[in-house]
Amino acid sequence: MSGVLALYEKEIRHYFRSPIAYYVVAVFLIGTGYFYTYNVFLSNTATMDATFQNMGILLTVVAPAISMRLFAGEWSGRTMELLATLPLRPWEVVFGKFLGAVTMLLLMTAGTMINLIPMYLFAEPETTTIISGYIGFILMGMACLALGQFFSVLTQNQIVAALITVAVLLAFWFVGNLQNFQTSYLLWNLTGYLSFSAHFAEFIQGLVSSKGVMFYLVICGIALTLNAGYLQWRR
Amino acid sequence: MIVLDSVSKRYGAKTIIHDVSFTVNKDEIVGFLGPNGAGKTTTLRMIAGFTTATSGTVEVAGYDMATENYEAARHIGYLPEIPPLYDTLDVSSYLRFVAKAKGIPRNEIDGELERVTAACRLEAVYRREVFKLSKGYRQRTGLAQALLGKPDVLLLDEPTIGLDPGQILETREVIRSFGSSHTVLLSTHILPEVTLICQRVAIINNGRLLAIDTPRGLQDAVEKTNIVSLQTKAPEAPLREELLSVEGVEALDIAPVRGTEDGLLAVTCTVDPRDGVESAIARAVAKRWDLYRLERQEPTLENIFLHYVQGQKVQAAA
């Protein structure tokens, strides 16, 4: 576990010394602020529903910007040779990096909570729905980062890693829209089950179901396992 | 400490390392010598555990690197060809990260950082970000991370590349003092480096191990050079006639010694490789003229290296 902690600390240090991280967080917070202002003040409704929906789409672009460097940067910077020859098991490397990225996600998410202040000052929003929305957002963010981290290990070009991740995340977001075209019950079910937006919509509505939680955790588990397996295989 | 047994490495259809076997003992410094692309880096990477051998076994500190590389990594310090540094970190954060990843107990980390910083003369840049470092300091920071935790086995891929002459001497001293109580395998194509710091030299080319021995042993294994040079004061034509009459002398080159006007001649004789030709030449010259100097050139490491590398080319052509 000390290996995970060492790598986690290194990742956090890297984020706070990298201008890209500040830029990505700033873009996300400005974007969220814009959607919040539009959804709450212009429509005069004290709910976070529409804002969460927009944050979800924004995440499909922001998460790859965080995850693209995780391994592609190690390959291109020739530091993978160090990580692979230190007494660190592949899963420790993968998990340490993932925890670092999730910490960035949590900090970004915490930044959006400033939006709640005027809402609670001038209206009476439903706290449980907001909490469930945030839980859904964090779980979906974790799944996005895990997928992004996996695609990052496959290439040493960060741009390629980001582009593949954006494409895959958008596919997961919109795959639910294909549901209406499916004549087979299996495909109808599958497209619905794989949809990030469908599961997230349940959280936004205040429904924290084990099915939704497990879906995102299983995606994380599969992506991180593939990630560690790939590192082992590359030897 | 390091045992390679019939190790081969293939990438697709291309074989990079062919059936290499050698052993590096405890407390020994071995130099890995070969031209660019000879397979030095690939071999070091297999020993360090970055990649695995396609066939054969690599054992470090008693651990099989194919299956127990995690356990072995605790005993290995490795400096790759390009120092693996994180540009956004400063030197102290970088070394602290490596120390923690190596599992050095927290209460010993500060002492270890102090030790390697002093050994690699990094005090002046200890708080500086890595991206601001000169090439020499980057190399020394890479060496410092390899030395962390006093590993039993130190693997260094071109450790003095990019350093200025003063830094090269300091780095060699660090390696030599570390190697007195640890196993060191270093790759280089700087020939004098191996004679200065290594107890044994392994010569590799085209992925094949051509020889491994002490520098003296390699010199002895190679036939003496076929050049005898001498200086004498003699008329040129009789001297030529006399020398060519000596058995074993095949060709001659005679020229006046530059900077002298008293008839001193420098003679370079090409002789056959037998021992004793130089004595016959000395007797032949000394009985008629004054002999000022005579030597049969010893094979240098360059000669030895070329002997093996070119010998391999001849074999390949045959």
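Cys198(B) is buried, with a relative accessible area of 7%. Buried means under 20% relative accessible area, exposed means over 50%, and partly exposed lies in between (1.4 Å probe, protein chains only). Cys198(B) is in no disulfide. The nearest cysteine sulfur belongs to Cys120(B), 17 Å away. A disulfide here is a pair of cysteine sulfur atoms within 2.5 Å. Cys144(A) is also buried, at a relative accessible area of 0%. Over all chains, the search finds zero disulfides.

This is a predicted model, in which local features need pLDDT of at least 70, side-chain atom pairs count only at pLDDT 80 or more, and totals for chains, interfaces and linings use all residues. Residues are numbered from 1 along each chain as its sequence is written, chains are lettered from A and ligands numbered from 1 in the order in which they are written, and side-chain values use heavy atoms, with hydrogens and water left out.

## The largest pocket

Rolling a probe the size of a water molecule over the atoms shows where empty space is left. The search uses a 1 Å grid over the protein atoms alone. A cavity is a set of points where a 1.4 Å probe fits but cannot get out. A pocket is an open set with protein on both sides within 12 Å along at least five of seven lines. Lining residues have an atom within 4 Å of a point. Grid points are joined across faces, edges and corners, and a volume is the space filled by probe spheres set on the points.

The largest pocket holds about 630 Å³ of space. Its lining has 27 residues, and the closest to its centre are Trp75(A), Met80(A), Ala84(A), Arg234(A) and Phe50(B). Which elements each supply at least two residues of this lining? From chain A come α5 (80-85), α6 (90-112) and α12 (210-234); from chain B come β1 (2-11) and α2 (69-73). Helices (H or I, at least four residues) and strands (E, at least two) are DSSP runs, numbered from the N terminus. The largest share, four residues, comes from α5(A). By class, the lining of the largest pocket has 13 nonpolar, six polar and eight charged residues. Nonpolar covers Ala, Val, Leu, Ile, Met, Phe, Trp, Tyr, Cys and Pro; charged covers Asp, Glu, Lys and Arg; the others, Gly among them, count as polar.

## The second largest pocket

The second largest pocket has a volume of about 470 Å³. It is lined by 25 residues. Closest to its centre are His14(A), Arg69(A), Gly73(A), Gln158(A) and Thr88(B). Four elements of chain A give two or more residues to this lining: α1 (2-16), α2 (19-42), α3 (49-67) and α4 (69-76). The most, five residues, comes from α4(A). This lining has eleven nonpolar, eight polar and six charged residues.

## Chain B: domains and a hairpin

Chain B is divided into domain 1 (2-221) and domain 2 (227-296). These bounds come from an automatic or database domain assignment. The C-alpha centres of the two domains lie 48 Å apart.

β1(B) pairs with strand β2 (residues 14-24) of chain B in the antiparallel sense, over seven bridges. Two strands pair if DSSP finds at least two bridges between them. Val7(B) has Val20(B) as its bridge partner in β2(B). The two strands form a hairpin with two residues between them. In the turn, Gly12(B) has a positive phi of about 65°.

Most residues other than glycine have a negative phi, and most peptide bonds are trans. Ser6(B) has a positive phi, near 50°. Ser6(B) lies in strand β1 of chain B and is partly exposed, at a relative accessible area of 31%. Arg121(B) has a positive phi too, near 55°. Arg121(B) sits in the loop between α4 (106-119) and α5 (135-147) of chain B. Its relative accessibility of 44% makes it partly exposed.

Met119(A) is in helix α7 (residues 116-122) of chain A. Is Met119(A) buried or exposed? At 3% relative accessibility, Met119(A) counts as buried. Met119(A) and Val40(A) are 79 residues apart along the chain, and their C-alpha atoms are separated by 8.4 Å.

Gly229(A) lies in helix α12 of chain A and counts as partly exposed, at 37% relative accessibility. Gly229(A) and Thr127(A) are 102 residues apart along the chain, and 41 Å separates their C-alpha atoms.
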